[in-house]
Amino acid sequence: MVWSSLEAISVPRLSKFVFLLAINSLLCIPHLAHSPTCTNPPIIFNFGDSNSDTGGLVAGLGIPIRFPNGRAFFRRSTGRLSDGRLLIDFLCQSVNASFLSPYLDSLGSSFSNGANFAIAGSTTLPRNVPFALNIQVKQFKHFKDRSAELASTGVNGLVSYDKFRDALYMLDIGQNDIADSFADGLSYAQVVIKIPSILAEIKNAIKEIYYQGGRKFWVHNTGPLGCLPQKLALAQNVSQNLDSIGCISSYNAAAKLFNEGLLHLCTELRSEMKDASIVYVDVFATKFDLIANSTTYGFSNPVMACCGAGGPPYNYERKVGCGYMGYQVCDEGSRFVSWDGVHYTEAANSVIASKILSTDYSTPPLAFDFFCQ
């Protein structure tokens, strides 16, 4: 079931920002400054799941994402599954680009700097169901044709035909394919068997975008699933399957195997599409380091949700989503890695973004502002 991964959310100020900057300074974490050289930000198109959904779920299905989601930066819920900005928001800000509007949000959206096709709960398989990766690519193709058509008639706020080749195409998907497989009761061996099919869908998506003129790709691998409070709270008989920092070993092993395949896929595509730039980003390493060394970064309770129910050790209950009746939330300003048991806090996303922008986790090690026009 595509939407099984939505169980975490459903039935489903400045002072804060200054505080975070002060903490980051004390911990010698690099700040997320705008690129002084990026005077012409890239047009960005993003494909993915809730890790980069900037409001598509709310716009597409009307499923409410309630406050306190958004409290740390936006001061209201924007449809993001976090207390503030997501990783993609920090990346956009680093190159002076505006936050991406969800493709499905027709009210108050501007698509002059691109569009976000990511929808919470999305997977690569099965195909042709809302909002699988290949459906997102089909939406992009429609957007491309319609945007170019309208822009040619003088309509403002859209992307003209010649801009699509210079755009940056970001992909962050695969987590739900693996996580949902474990949730459905599949063994580690059974999950591993599915990985080649997941990778094939990602390859198809990148090649289709390439055929549409895309030449610049930024591909995120998947994070340490076994460290998510949701998985730790719901998995059965995991006590013998925990690593030294309290994460589920088999879940993380499957994620690593997927990531190895994705790295190989990106290498393979570079040889096939020699005029394209394809950057593979090791998000797993950034997140695992943050969790394993949480105290170094000033975080507490790295495998406990800030917003949820049930209290320690995980503060996660399947039937009590963040913002719904019975939830409890940590004090604003406290340093949690996990926001709701599945998604990360703005403070955690800020650290992860800093690591990614360093280029230490990218193959090849291209700076993100390389994609400035």
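A residue is called buried when its relative accessible area is under 20%, exposed when it is over 50%, and partly exposed in between, with a 1.4 Å probe and protein chains only. Cysteine 247, at 0% relative accessibility, is therefore buried. The model is predicted, with local features requiring pLDDT of at least 70 and side-chain atom pairs pLDDT 80 or more, while totals for chains, interfaces and linings use all residues. Residues are numbered from 1 along each chain as its sequence is written, and side-chain values use heavy atoms, leaving out hydrogens and water.

A disulfide is a pair of cysteine sulfur atoms within 2.5 Å, and the structure holds four of them. Cysteine 247 is joined in this way to cysteine 227, with an S to S distance of 2.1 Å. The torsion about this S-S bond is about 110 degrees, so the disulfide is right-handed. Cysteine 227 is also buried, at a relative accessible area of 2%.

Another disulfide is formed by cysteine 38 and cysteine 372, whose sulfur atoms are 1.9 Å apart. Its torsion is about -115 degrees, so this link is left-handed. Cysteine 306 and cysteine 330 are likewise joined, with an S to S distance of 1.9 Å, and their link is left-handed, with -85 degrees about the S-S bond.

Cysteine 266 is buried, with a relative accessible area of 0%.
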